[in-house]
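Subject: Structure for you to look through, with notes

Dear colleague,

Please find the structure below, followed by my notes on what was found in it.

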Amino acid sequence: MMANEHEESYYARKTYYVSVQAGSILEDPTVTAYELVITANEEELSRLQELMEELSSMDEAQTIHFAKTPYSPASDHEINAGVDGLLVDIYRLLYELGTDETKHHVATMGLFPEGSLR
């Protein structure tokens, strides 16, 4: 593969089917349920995958934290704020990459102040 061909494939956009709840980003919509449809190049896909992995890690940490130390000094609010911040980042990126239907869905979720998504 010539460098130019690789560069083209790196920036080429493909359609992906995303389930934030399940933490999945798939090219085949028949494999599992999905909520949102996006088009992304490799760089954008990587960014989304990193955010989803971070969210998954934070969910696991949250579960372990509350199972081991239910009365820990880290409050529910502090831990939930980290998860909420990640979700906002994920949904903002999904909005940017999303189809019209995905943009509408994200815009009506109530995560973002009116007019803040552009």
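In this predicted model, the side chains of Arg 13 and Glu 44 meet in a salt bridge, with N and O 2.9 Å apart; the term stands for a side-chain nitrogen of Lys or Arg within 4 Å of a carboxyl oxygen of Asp or Glu. Arg 13 sits in the loop between helix H1 (3-11) and strand E1 (14-19), while Glu 44 belongs to helix H2 (residues 42-68), and the pair links distant parts of the chain, 31 residues apart. Helices (H or I, at least four residues) and strands (E, at least two) are DSSP runs, numbered from the N terminus. Arg 13 counts as partly exposed because its relative accessibility is 44%, whereas Glu 44, with a relative accessible area of 16%, is buried. Here buried means under 20% relative accessible area, exposed means over 50%, and partly exposed is in between (1.4 Å probe, protein chains only).

Before going on, two remarks on how to read the values. Residues are numbered from 1 along each chain as its sequence is written, and side-chain values use heavy atoms, with hydrogens and water left out. As the model is predicted, local features need pLDDT of at least 70 and side-chain atom pairs count only at pLDDT 80 or more, although totals for chains, interfaces and linings use all residues.

Arg 47 forms a salt bridge with Glu 96, and their closest N and O atoms are 3.7 Å apart. That pair links distant parts of the chain, with Arg 47 in helix H2 and Glu 96 in helix H3 (residues 76-97), 49 residues apart. Both ends are partly exposed, Arg 47 at a relative accessible area of 42% and Glu 96 at 43%. As a general point, side chains of opposite charge can pair when their charged atoms come close.

Leaving aside neighbours within four places in sequence, Leu 93 is in contact (heavy atoms within 4.5 Å) with Glu 44, Arg 47, Leu 48 and Leu 51. Is Leu 93 buried or exposed? Leu 93 counts as buried, because its relative accessibility is 3%. The C-alpha atoms of Leu 93 and Leu 51 are separated by 9.5 Å, and these residues are 42 residues apart along the chain.

The next topic is the nonpolar core, a set of buried Ala, Val, Leu, Ile, Met, Phe, Trp, Tyr and Cys residues joined through side-chain atoms within 4.5 Å. The largest nonpolar core has 23 residues, of which Val 18, Ile 38, Leu 48, Ile 90 and Leu 94 touch the most other members. E1, E3, H2 and H3 are the elements that give two or more residues to this core, and H3 supplies the largest share, 8 residues. Not counting residues up to four places away in sequence, Val 18 touches several residues, including Ser 24, Ile 38, Leu 48 and Leu 94. Ser 24 itself is in strand E2 (residues 24-26) and counts as buried because its relative accessibility is 12%.

At helix H1, Tyr 11 is partly exposed, with a relative accessible area of 47%. Apart from neighbours within four places in sequence, Tyr 11 is in contact with Asn 41 and Glu 43, and the C-alpha atoms of Tyr 11 and Ala 40, 29 residues apart along the chain, are separated by 8.5 Å.

Finally, for the chain as a whole, there are 4 helices and 3 strands, running α-β-β-β-α-α-α from the N terminus on. Of the 118 residues in the protein chain, buried residues make up 29%.

With best wishes
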